[in-house]
Amino acid sequence: MTADIDKGPVFGQRHLQVFLLFTSILVNYVVKYNASVAIVAMTSAETTNPNFPEYDWSDMEKSYIQSSFFWGYFITQFPGGYLCRRFGAKHTMLISTLGSSLLGLLPPFCVSWGGWGVYCAIRIIQGLSQGLMFPCVHAHLAAWCPVNERNRLGALANTGIECGTLLAMFISGIIASSNIGWPGLFYVSGCMGLVWCVAWLIFSADQPNESKFISKDELNYINLLKNVSKVVEAGGVERKVPVPWRAILTSIPVWALVIVRSCHSWGFNTLQAQIPSYMKGVLKMDMSQNALYSALPYLTMWCMSYVYLIVSDMLLNHNLLSLTALRKTFNTLALWVPAVGLVGVGFLDENQKALAIALMTANVGINAGSTIGSALNTIDLTPNYAGIIMGIVNSAANVVPILTPLLVGIIVSNDSDRAQWQIVFIISAAVFALGNLFYLIFGKMDLQPWDDENFLNAKSTENGHGIRKTEEFSKIEMTKI
């Protein structure tokens, strides 16, 4: 059917919107993750550029700085879905990235008098600001992507996560060692965000029909193959449809998504944050001192995200797998294979360093399939409320990076004790496995009935009929008496 439809330019406005979403995630992740390099440079100037101030912060103070971002980040995920729906993705996402970028410029001016405490405060507010981003990303994808292109375009936008993480690790070390030193980390990442804000303000639009640059053919194509619905009253005025909160919060597929994304967050946080500590303590490898070892897992993950994308396109376009089978297969690969790998890493010793690096790199790379496997499931379930659902999902998933380090701190009292680390990895593997099992059983890729804009009206009508029938029955009974 779609073969006979004129899709507009090869690189149309929908592709530009996806590129803007990709770059938004990229610049925000550079701001988010440059702290790990900045802290090293700010507390050990001789490792980068000794011509800039150095601060004597304890390990606990450094950990507060790194984790403080997530204290704010999980709080605004749920409000982000509401704000995006109320004010549109264009304005909400602009405020999110603008706030994060402006705050990113402050540490060089504030840390000298406020110390690590003021840096923590800045990171918390940055987290609050960036928490609005992903609900907007998913709502914008739902608004702009035709159904048959959602998997591809959604996955492309989300590769900004791997690219941003990788870029942060590569450029942060280079900048910190350059003539502009560690303050340059904040200036460069902040200015990247501000440049993006200008581009977003000019080229973005909440809906295709609001874009100044879209062609008529592309607009028709998107509107024809898009599930997002609008309620338009007489006079052409769009009416905001109430959110069916009860239906959403009692939806088993929504809870399956919340659980699998939270379990993914648990396992991935172990892969990302705890395995380097294990390798340093047990395998005597300080990966933070080797840029190649540090970046290799994320380079692999970025490359694998495109492999998953190409394979998923082939499988869907040739009708070899349904969307449900595709998502559940990819998610199973992304969670169950690294679950086995996590347990395996725990049994390696100091003489198997090369195997440890290979296994960790493979685990992180294979985990890239979770984007197509489950992260994009919000748009399958409900294009109209994708931002709201993403806010709920990410609120739960981003509590995990706060909790997992606490559990590791309780279990691991000695970094060089392999038996203690094995307990951590077995727990994480079990969480990975059980979360995906729940998703396999209860996860759905079908449009949910409560996505319909008339769902609440239909419910009200049904309830009204029930009330009227009850009243009529009572009158009959009273007549008999």
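Helix 7 (residues 150-158) is largely enclosed by the rest of the structure, because 7 of its 9 residues are buried. Buried means under 20% relative accessible area, exposed means over 50%, and partly exposed lies in between (1.4 Å probe, protein chains only). The buried residues of helix 7 are Arg 150, Asn 151, Leu 153, Gly 154, Ala 155, Ala 157 and Asn 158. The model is predicted: local features need pLDDT of at least 70, side-chain atom pairs count only at pLDDT 80 or more, and totals for chains, interfaces and linings use all residues. Residues are numbered from 1 along each chain as its sequence is written, and side-chain values use heavy atoms, with hydrogens and water left out.

The protein chain holds 21 helices and 2 strands. Helices (H or I, at least four residues) and strands (E, at least two) are DSSP runs, numbered from the N terminus. Of the 481 residues in the chain, 53% are buried. Contact means heavy atoms within 4.5 Å. Among contacts between residues at least 6 apart in sequence, 84% join residues at least 24 apart.

Two packed helices are described by the angle between their axes and the distance between the axes. Axes are lines fitted to C-alpha atoms, for helices over the stretch in contact, and angles run from 0 to 180 degrees between N-to-C directions. Angles under 35 degrees count as roughly parallel, over 145 as roughly antiparallel, 65 to 115 as roughly perpendicular and the rest as oblique.

The axes of helix 6 (residues 133-144) and helix 7 come within 10 Å and cross at roughly 150°. The two helices are therefore roughly antiparallel. Their crossing is right-handed. A crossing is right-handed if the near helix is turned clockwise from the far one by less than a right angle, and left-handed if anticlockwise. Helix 6 contributes Phe 134, His 138, Leu 141 and Ala 142 to the contact, and helix 7 contributes Arg 150, Leu 153, Gly 154, Ala 157 and Asn 158.

The axes of helix 1 (residues 13-43) and helix 7 come within 7 Å and cross at roughly 30°. That makes helix 1 roughly parallel to helix 7. On the helix 1 side, the contact is made by Arg 14, His 15, Val 18, Leu 21, Phe 22 and Ile 25. On the helix 7 side, Leu 153, Leu 156, Ala 157 and Asn 158 take part.

The structure holds 21 aromatic pairs. Rings of Phe, Tyr and Trp (its six-membered ring) pair if their centres lie within 6.5 Å; planes under 30 degrees apart count as stacked, over 60 as edge-to-face and the rest as tilted. Phe 78 is partly exposed, with a relative accessible area of 39%. Trp 245 is partly exposed at 32%.

Phe 438 and Phe 442 form a tilted pair, 4.7 Å centre to centre and 45° between the planes. They lie 4 residues apart in helix 20 (residues 418-442), so about one helical turn separates them. An α-helix has 3.6 residues a turn, so residues three or four places apart point the same way. Phe 438 is partly exposed at 28% relative accessibility, and Phe 442 is partly exposed at 35%.

Tyr 55, Trp 57, Tyr 119, Trp 182 and Phe 186 form one aromatic cluster. Charge also meets aromatic rings. A charge sits over a ring if NZ of Lys or CZ of Arg is within 6 Å of the ring centre and within 35 degrees of the ring normal. The charged end of Lys 32 sits over the ring of Tyr 29, 4.5 Å from its centre. Lys 32 also lies over the face of Tyr 73, at 4.5 Å from the ring centre.

Phe 268 is in helix 12 (residues 252-281). Phe 268 is buried, with a relative accessible area of 16%. Beyond its neighbours within four places in sequence, Phe 268 is in contact with Met 301, Val 364, Asn 367 and Phe 432. Ser 112 is in helix 5 (residues 107-130). Ser 112 is exposed, at 53% relative accessible area. Asn 319 lies in the loop between helix 13 (291-317) and helix 14 (323-345). Phi of Asn 319 is near 55°, a positive value in a residue other than glycine. Asn 319 is exposed, at 68% relative accessibility.
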